[in-house]
Amino acid sequence: MATKGKVKGIISNLVTVGVDGPVAQNEICYISLGNVRLMAEVLKVNGDDVFVQVFESTRGLKVGNEVEFTGHMLEVTLGPGMLSRNYDGLQNDLDKLTGVFLKRGEYNFPLDNEKLWDFKPLAQVGDKVEAASWLGEVDENSQPHKIMVPFVMEGVYTVKSVAAAGQYTINDTIAVITDSDGNDHNINMIQKWPVKKAINVHTEKPRPFRLLETGVRTIDTANPIVEGGTGFIPGPFGTGKTVLQHAISKQADANIVIMAACGERANEVVEIFVEFPELEDPHTGRKLMERTIIIANTSNMPVASREASVYTAMTIAEYYRAMGLKVLLMADSTSRWAQALREMSNRMEELPGQDAFPMDLSAIIGAFYSRAGYVYLKNGATGSITFIGTVSPAGGNLKEPVTEGTKKVARCFYALEQNRADRKRYPAVNPIDSYSKYIEYPEFEEYIKTKIEGDWIGMVNQMKTLLLRGKEVQEQINILGDDGVPVDYHVTFWKSEVIDFVILQQDAFDKIDAVCPLERQEFMLKLVMDICNTDYEFDTFLDVIDYFKRIINVCKQMNYSEFHSEKFEQHLAALKTLLAEREA
Amino acid sequence: MTKAFQKIYTKITNITKATCSLKASGVGNDELATVNGKLAQVVRIMGDDVTLQVFGGTEGIPTNAEVIFLGKAPSLKVSDQLAGRFFNALGEPIDGGPEIEGEEIEIGGPSVNPVRRKQPSELIATGIAGIDLNNTLVSGQKIPFFADPDQPYNQVMANVALRAEADKIILGGMGLTNDDYLYFKNVFNNAGVLDRIVSFVNTTENPPVERLLIPDMALTAAEYFAVEKNQKVLVLLTDMTSYADALAIVSNRMDQIPSKDSMPGSLYSDLAKIYEKAVQFPAGGSITIIAVTTLSGGDITHAIPDNTGYITEGQLFLRRDSDVGKVIVDPFRSLSRLKQLVAGKKTREDHAQVMNAAVRLYADAANAKTKLENGFDLTNYDERALDFAKDYSEQLLAIDVNIDTTQMLDVAWSLFGTHFKPEEVNIKQELVEKYWKK
């Protein structure tokens, strides 16, 4: 029989419940308040007193209200039909909710019970299967959505029967499998999984090495992220975190994109709702919304489900990864999630760590990031979850617990800088402070050689050295004045400006410049590095400035033109003439 | 307001500066109570121990004070009668008029389902070029002024309110000085727009904890007009720093562990709950929030402006420009995140390009100024940029400007024509051909 309890105390959304039976840590319970039932999660147990965080407003809750425990942790429901959906942090389908305002205690089923799916069997009668084995496949927005043996099933089973190809709903039995004791289990297209537990159905998790193309030059060229990699974007407000994140999610070469809007502005989510059904995936030409799942738990929605939202998103990502798909997961922003943890820890009167965050914050962040990765599945296929989180550091100061905790675990760091944003140098990723650890992986170097001829990594490193040199020279010029340094210094500085303006800066609002395919990035970097490796002769620094401004202008026109179009070639020719003018 | 069956408690066990506790049963979370007539709200229940936050402060409350629970959360009676009236933080009239009749609504109600929101798309014209040209406001937006306490933000806000074509203007005054309160009252009165205004005011003379109710009161009234009447509502909240300070006082009295700058750990969520009420409803109504966050020593990394910046859709900075002796809207630090939804769409095609060019040239002038201050020689271009900056500041950025956006664009083009050559402004050729003033 399910454990029951009664409310004993209330502080904001932390409720103490006296219970009459066993409860588990993180177990879900429902608190009755009039005719609504409020969902809550167990955070701490102390004797018969259970502390639960309520995912809703607790207004009007009284001592003595009835509580019913469910016997399971917070779960998501997995099955075909999640793509293109807008869920809240607890996986309620927001479009199915009635009314303009959210109603307390209104929960719904996240999938479509009626829809018929075109099912194709993959397993054969007699096959030995285990958790996550592919039994069949349906077409979900052109993605091969695998129907798998539920992840919770332990041991080896034998396939007794598989449904014939045809149309089925998610509730129809599509296979019967028999366990070692001879018991039959009917499998349909739905399964459940607790969000706080990682889905581990792979044989191996190697170091990731395949470039995940994002079409953003400052990422792909300078600090690439890989399929199954992890990265984070910290930045003060107004530095373009959201624009960069939207750009990545629009353009990245992934099969599935999951966006967890965690405690951020509602109007930004509305922008996705409005744009994504219209915009096309640059890799497949299909509408972006078809490959996207949005988990919207905006800043005014209940705080506790903010924490749940990132786990919900990650679990859905793991489900699609187990089908052998490339998943990109974006969370904006992980700081809001950390703040939700802080609020609860504070109410439970735990001893605080730095900035009043819970002591185990960095362990929680670490465990979460480690759920991403590139994996080999048991059937030999591969899948990946690339995770990019944004961090909103308080006061723009990167020495705060969330940034530091994330820095330890994320392998790519894209530091957004106020100064660059003020000067409208977008994306405002600081090229010197940012890094990608993957670029140092020999596996990555080997992989990129199959994509780009020549010493690509050597060239990228040379570019970074030049940027650093340019910055040093600029500081000297600022101190000594334009006339106080040799003309050569100006040349060095302006070469670094060419890299900045042509490679690093990119117009996210220009149709052509917004997406830069790898082939084009290769072409432009080679072009720019040729310019930088050339010696020039000038009489005065004014000539230097004037000359390089012209070079930048022509190169920018190239960035705005269709690759290898007539216009592009004209600008290229103009650039060649300009270069011939000055070569020493 | 005592009803026959209500139980009266008379034994308070614990009193702090903002809260008191007693033994009571059957009490709901967030429920209102009166403590010797002073309004209070339940903030913590532990068994039969109930803690109340006393809005009026606990000065003079004895341990045998009469405590009566009202069985409801803070609420406001809403109807068209609200228009033209002034209320205190508890929603009681302070203008000598009668009580409002209408439906009683709990304040701090639920959030809008994000999928039901419309994307904001209507321009709010203020006549101030520093706003309309460079940082265009859109209905359904939330944006604060980040201002030093000595800056004329209340005047600018009053001007914005009067010029914006809003159906209703709701003023939420927190820790307003009595002088500023009277200023708002006079301005609205003299402009003859009192019937469009609803005010909820907590002055520095009122207890600080009462302030916590002001934003929710103002926004509950706003939601009534925006949802029930499909009106365009503009909400003015001044000053949100006073609100956050009051939050800090209460959380401190409740022994909560403070986070950055002694602010409660929940500051982000608390502020977001208010600002996210800004919305464009599908049926046409909208709530736009213009707030003031006063800074201490111009420090925007302090927890209050910092958290605000992450929540709001941009921010506006005022600055005194010593070159022209006027207060201007700072074009560098100000930002409206929603401006691209209207610039060039609801305004003339050249809006975005002209705005960017002018700010870029103004930045060139700032560089020239630094050069000058450091004793380096100025080029002819530098000199011209400086002249441009002066005119730009005086004719467009100053807060006393009042023209429409088309005029603003024309002024900008004529300034470009006076000081620069077409190739120096970096504007698309076809626009230059169309608008360049010879």
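In what order do the strands of the open sheet of four strands that contains E9 of chain A follow one another? In this predicted model, the order is E12-E11-E9-E14 (chain A), and the pairing is antiparallel. Strand E12 (143–148) and strand E14 (166–168) of chain A stand at the edges of this sheet, and because each has a single partner strand, one side of each is left without a neighbour in the sheet. From one strand to the next, the twist averages 40 degrees. Strand E9 (residues 117–121) of chain A is joined to E14(A) in the antiparallel sense over three bridges, and within this pair Phe119(A) is placed opposite Gly166(A) of E14(A).

Another open sheet of four strands in chain A runs in the order E10-E13-E15-E16, again with antiparallel pairing. Its edges are formed by strand E10 (128–129) and strand E16 (184–187) of chain A, each of which has a single partner strand, so that one side of each is left without a neighbour in the sheet. The pairing of E10(A) with strand E13 (residues 157–162) of chain A is antiparallel and comprises two bridges, and Val129(A) has Tyr157(A) in E13(A) as its bridge partner.

Chain A as a whole contains 14 helices and 26 strands. The radius of gyration of chain A is 27 Å, which is close to the 25 Å given by the globule rule for 584 residues, and chain A is therefore as compact as a globular protein of that length. Taken along the principal axes, the C-alpha atoms of chain A fill a box of roughly 90 × 55 × 45 Å. Of the 584 residues in chain A, 51% are buried, and among the contacts between residues at least 6 apart in sequence, 68% join residues at least 24 apart. The chain is divided into domain 1 (4–74), domain 2 (117–188), domain 3 (202–448) and domain 4 (456–582), with the C-alpha centres of domain 1 of chain A and domain 2 of chain A lying 37 Å apart.

Helix H7 (residues 401–409) of chain A has as its buried residues Pro401(A), Val402(A), Thr403(A), Gly405(A) and Thr406(A). The elements that cover these buried residues of H7(A) include strand E19 (230–234), helix H5 (334–347), helix H6 (361–369) and strand E24 (382–391) of chain A.

Chain B, for its part, has a secondary structure of eleven helices and 21 strands. Its radius of gyration is 25 Å, close to the 22 Å that the globule rule gives for 438 residues, so chain B is as compact as a globular protein of that length. The C-alpha trace of chain B spans about 85 × 50 × 40 Å along its principal axes. Buried residues account for 51% of the 438 residues in chain B, and of the contacts in chain B with a separation of 6 or more, 71% are between residues 24 or more positions apart. The division of chain B is into domain 1 (8–69), domain 2 (75–106 + 139–312) and domain 3 (351–435), and the C-alpha centres of domain 2 of chain B and domain 3 of chain B are 36 Å apart.

Within chain B, Val233(B) belongs to strand E16 (residues 232–238). Val233(B) counts as buried because 28 C-beta neighbours lie inside 10 Å, where 20 or more are required. When neighbours within four places in sequence are left aside, the residues in contact with Val233(B) are Ala166(B), Asp167(B), Lys168(B), Ile170(B), Ala222(B), Phe225(B), Ala226(B), Ser286(B) and Ile287(B). By contrast, the C-alpha atoms of Val233(B) and Gly175(B), which are 58 residues apart along the chain, are separated by 23 Å.

Between the two chains, 44 residues of chain B are in contact with 50 residues of chain A. On the side of chain B that touches chain A, strand E5 (38–46), helix H6 (267–275) and helix H7 (303–311) of chain B each supply at least two residues, and H7(B) gives the most, with five residues. By class, this side of chain B has 20 nonpolar, 15 polar and nine charged residues. The chains are also linked by strand pairing, in that strand E1 (residues 4–11) of chain A and E5(B) pair in the antiparallel sense over three bridges, with Ile10(A) standing opposite Ile45(B) in E5(B).

Technical notes: Residues are numbered from 1 along each chain as its sequence is written. Chains are lettered from A and ligands numbered from 1 in the order in which they are written. This is a predicted model: local features need pLDDT of at least 70, side-chain atom pairs count only at pLDDT 80 or more; totals for chains, interfaces and linings use all residues. Two residues are in contact if their C-beta atoms, placed from the backbone, lie within 7 Å. Ala, Val, Leu, Ile, Met, Phe, Trp, Tyr, Cys and Pro count as nonpolar, Asp, Glu, Lys and Arg as charged, and the others, Gly among them, as polar. Two strands pair if DSSP finds at least two bridges between them. Axes are lines fitted to C-alpha atoms, for helices over the stretch in contact, and angles run from 0 to 180 degrees between N-to-C directions. Domain bounds come from an automatic or database domain assignment. A residue is buried if 20 or more other C-beta atoms lie within 10 Å of its own, exposed if 12 or fewer, and partly exposed in between; C-beta atoms are placed from the backbone. The radius of gyration is taken over C-alpha atoms; the globule rule is 2.2 Å times the number of residues to the power 0.38.
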